[in-house]
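Colleague: Could you walk me through this structure, one question at a time? I am new to this, so please go slowly.

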Amino acid sequence: MSADPFFLLVAILFSIGLIGVASRKNLFVVYMSIELMLSSVNLLLAILSQVLGDANASVIALLLIAVIAAEAALFLAIITHLYRENRTLDSDRFKNLSKVR
Amino acid sequence: MNYHILSSIIFLPLLMAILLGVMRAPLKVLKAGAILSSLTTLLLVVRVIIDFNPKGGMQFMQNLPWIQNAGITYSVGLDALSLVLLTLIALLMPLLYLYMLKEHRKGYWYNMLLLQTGVTGAVLSLDLILFYLFWETMLLPIFVMIGKYGNGLRQYNSMKIVLMTILGSMSMLFSILYMGYIYFETTGAWSFSLYDLATIDLSTKSSIWLTAGFLLAFAIKIPLVGFHTWMAPAYGSAPTPAVVIMSAIMAKLGVYGIWRFGYGLFGGTLHYYTPTIITLALIGLLYYAIRAITEKNLRKMFAYSSGSHLSLIALGIFLSNIYAWGGSLYFIATHALASAGMFMMIGITYNRFRSVNIEQLGGIAQKAPIFTFFFAFFALCIAGLPGTGGFVAELLIIIGAFKSSFLVGILSATTMLSAMLYIFWMLQRTLFGASHNETKIADLTLKEIAMLTPLVVLLLLTGIMPSLFIPYLEPQLLGGF
Amino acid sequence: MLNIIVTLPFLSSLLIALIYLGNTNAKRFVLYTSLGIGSLVIITTLSLMSLYDMMQGAATIHTKLFEWIHLGDFQIEVAFMADRLSIIMISFITFIGTLIHIYAAGYMKDDAGYGKFFSYFNLFMGSMLLLVLADNPIMMFVGWELVGLSSYLLIGFYHQDAANIKAANKAFMLNRVGDFGFIMGLSILFISLEGHGFSFDAIKANIALIDYQTLTLIGLLLFVGAMGKSAQIPLYVWLPDAMAGPTPVSALIHAATMVTAGVYMVARFSFLYIQIPDIGLFIASIGAFSALFAAIIASYQSDIKKILAYSTMSQLGYMFIAVGLESYSSGIFHVFTHAFFKALLFMGAGAVIIAMHHEQNIFKMGALRGELKLTYITMFIATLAISGIPPFAGFFSKDAILVTAFASGHYAIWTIGTLTAGLTAFYMFRMLFSVFHARKSKAQRVLHPLPKCMTYPLIILAIGSTFAGFVGVNGAYGGENFIAHFLQLPDISVHLSHSSEYMLALLNVSLALFGMTLAYKLYGHRAKEAQPDTLFKKVIINKFYIDALYETLFMKPLLSLSRFIATTVDMKIFDGFLNYSILFYRVLAGQFIRLQNGKVRAYALYFLLGVSAMSLFLIYKLGVNL
């Protein structure tokens, strides 16, 4: 069986994630999009492990799931904190680095 | 390191500055040190003049490896052309120190020391990277002196001069690096020595572009018309010693650069630019003079005057015959003396009246005859009156211009009229007439007279007996550049 | 000897200047006087001795002081040459110069700037002698410029009054315009003769090497210099204003010596000008026109010194007629006689001015002949001389010029010259009668006493004005024209029968007498200032509006151009170009700033675009195989 449909799936998932990061304002959605991209890459690892017959990639993919879980905790903490500080989750409001006010 | 007279002349002021800085010398010691270094360099330069052999071409050479893998050497040397400028620097520095004797800001003195090293180094270096280094070094103290000790819109003006000059320097640096690269490509070794680079064969097209890189730097420094808008503001804002150095030395370095590097590296290609430069110079001659007529700030007026005469000097170089060359070289010296004197007088005027605006002056002649004498003398020198060196130089350039072409001759002869346009009206309003205020004005002090007299004597000597000086220059002029 | 003659005045000038600047308030009357006049007495003696030698047949003297410059073929020496022409010139220059110095010692006695005055005066003498004795044109030009400088300094001597400085500036600038032409002429001459030496002798020997066109150009340009220096149309406007200086200055510089430098120059270059008769004719026409023009203006002036200034210009016109028509020796002859009577007139005028407490308007004087007897008599003699009444000096020299004009067939010039002669007599006697004869104004006046050193020189000059003409009596009057034979200039030879010469002379004299009578009728009893009531008079009294014309033609455009450059070209074009290029970067930066908006998602988008672009590049450009 060809791996191509799986690659396509990865690409679609990644693109959805990327577009989500670029177009959505809500920090939660941005966060979810980031997670989606990460997960799509994770999926790629798993697929490649299968295609190339290399178990190392599967191991890394499993480890990454743990990382994603840890990340989720961190992200949610940050988002909560930001909400408490600014009473908003609009990502466009957080632009201290910009010259355009 | 072996003792070498030119290197001593270059680095003595810098070493003195470092020494004094490390010592955290008190003001009195600082002044004494600066004056000591300037007098010592003057003595060394006198020594050089005595040993100088007019027929010897480039002499007093010193070559030391410096950055070997890039082929950059420390190489200095002296010929008649650099001798003129070297003498002027060495002569003017003690006089300027005498002028600023009462100056209590320490940074001022350090800057002057650094400035001396910068200009001397630029005059004497024969390696292009070394030259570039000194060329930029001399800009630094000027930047600080205008920006920190100047007046008026000083910071804006100091930024302006630095940015415009750096624009030129960058194009020159690009040309230098590119030539070094071509040398590397053809010979397999790096070198930035003037004589090495002069040997490479360039295609016409690249040679034209490289020449343009150098010429832009020099045209801005001189400044030729069109590249000049930094000049009047910078002269207007700069403190007197900086103005003197800018007008008497640094502007001449632009001309010197064309002579040394233009003719040295691109003797053939320079002809490509001759019509352009001659046109610009002739326009400048009249443009600046006409601009100066209605200028009310004396410093700016003589900034334009300086520009007008430097255009004439630049013209002389591009006419390529011995009279024009001789005239240009002679004018470099005599105009430096006259403009140094003039700007010092303007500085003294400022000290006396707290103003250099013509409208606020007037009637000085009744109150201060010695002041009037010196002021009028330098002004008339700039107007090129016979008996002063400027006349000899202008005469030579005019003759040279007529030798090259009739039209250029006529236009360059307008120098007889151009300076007169602003000088005499200025004298009328500044020195003569009824005085505006009844306050008593002190005439020149002995210190001031002592500082101006050497300039007067030299100007008269260059005017009355040019035969004392020309023999130093003639062999090199006959040999071409 | 020549070295001493030229350098001594310079040295004494320098010495006086140094002493004066040492302490400007000190009164050192005796010191300055003895230095200033002493040096002149010495050089006068030396000049007269050389003149005597040369009359005995001595050859041209050449002396060299030092080498001035030597660059390539440009080899100029500070060297002097006294041939017959220059020896005549220096003799009367030093002689009259000494007299005027003595006179000035009286005139300037109470002035605070006494030392300064003598320093300038000696500087002028040195420069003038340098001009005359120079061995090469370059040294001549140096002298030429230096007399201009000393003239500038002396016109502006009373510098407290801005008007005087203005007059001085005007004089210097117009002279410089002339010098502009002169130096161009010299440069072309040098270039044409490059390598053949540049002393007058060398130029004379090699003049044939230059083609006719170039020679014409050189002659014309050199004459432009003469126009400036000798106040001819169109560069004459400075001379009347130059009267702002002290009267001895007007007498010495603007009457007797400096202004004749142009004539001398043409005579000095006579070997050049005989090759180009067209330019000669041009010179003569300018001279004739200037002579008439000045005489017309002089007839309506009321300032005594300005009348004399215009009359000087008019007489200079005669001299240029002579040298232009290649009758060089009669030109120099007129220079010679003119020096005597014009110096006398100015010094007399100065005496009158001093006596009248610095009043210069002739119509505010009147009936002075009883009180200033000596001045009156001497001035009368001078006026007769300038009007060309025989046997006074002016008759012979002017007659020689008009005879030349007539005999060489230039009748238009001759007519103008003759008319001007009549007009000269009219306006000169108008001045004389107004000052000395006309009924005096009612106000009581006490005359300022005149020191002896101001009156004795007048007597000497009066003697000179009477007899100076006898050195040039020509064949028609039983003389042998000593001066022409002595000068040995390449004169044109004119032939005119004695009877026609008598006719011409008779015509001149009767015109002069007519002018004199007319002046007596109009001004002998009751002098009235000319009023600008008709258009004709208005134009003449305003000097044909030439000053205003020059103002609008040259000064105003220059000033507006200067302002235009300052406000528009520099600010808007050159600086504008720079500022616009800066603006360009600014606008660009403004656009880039928008990208950096701090929105994370925008950054992510750039990231996406960047990665996509890179991927496309990898795939399609570099052909990375996936």
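Colleague: At roughly what angle do the axes of helix α1 and helix α2 of chain B cross?

Modeller: Keep in mind that this is a predicted model. In chain B, helix α1 covers residues 5–23 and helix α2 covers residues 27–51. Their axes come within 9 Å, and they cross at roughly 175 degrees.

Colleague: What does that make α1(B) relative to α2(B), roughly parallel or roughly antiparallel?

Modeller: Angles under 35 degrees count as roughly parallel and those over 145 as roughly antiparallel. The crossing angle here is roughly 175 degrees. That makes α1(B), relative to α2(B), roughly antiparallel.

Colleague: How many nonpolar residues are in the contact of α1(B) with α2(B)?

Modeller: From α1(B) come residues including B:Ile9, B:Leu12 and B:Met16, while α2(B) brings residues including B:Leu30, B:Leu44 and B:Val48. One charged residue and five polar ones take part as well. The number of nonpolar residues is twelve.

Colleague: Now to chain C. How are α16(C) and α18(C) oriented to each other, roughly parallel or roughly antiparallel?

Modeller: Helix α16 of chain C (residues 373–387) and helix α18 of chain C (residues 411–436) have axes 9 Å apart and pack at an angle of about 170 degrees. To count as roughly antiparallel, an angle must be over 145 degrees. The two helices, α16(C) and α18(C), are therefore roughly antiparallel.

Colleague: How many charged residues are in the contact of α16(C) with α18(C)?

Modeller: Among the residues that meet are C:Tyr376 and C:Phe380 in α16(C), and C:Met428 and C:Phe429 in α18(C). By class, the contact has nine nonpolar residues and three polar ones.

Colleague: Which helix gives the most to the side of chain B that touches chain C?

Modeller: The contact takes 42 residues from chain B and 44 residues from chain C. On the side of chain B, several helices each supply at least two residues, among them α12, α14 and α19. By class, that side has 29 nonpolar, ten polar and three charged residues. With seven residues, the helix that gives the most is α19(B).

Colleague: And chain A: is it more spread out or less spread out than a compact globule?

Modeller: Chain A has three helices and zero strands. Its radius of gyration is 17 Å, whereas the globule rule gives 13 Å for 101 residues.

Methods. Residues numbered from 1 in each chain as written. Chains lettered and ligands numbered in written order. Predicted model: local features only at pLDDT ≥ 70, side-chain atom pairs only at ≥ 80, totals over all residues. Helix = DSSP H or I, 4+ residues; strand = E, 2+ residues; numbered from the N terminus. Rg over C-alpha atoms; globule rule 2.2 N^0.38 Å. Axes fitted to C-alpha atoms, helices over the stretch in contact; angles between N-to-C directions. Parallel < 35°, antiparallel > 145°, perpendicular 65-115°, else oblique. Contact = placed C-beta atoms within 7 Å. Nonpolar A, V, L, I, M, F, W, Y, C, P; charged D, E, K, R; others polar.
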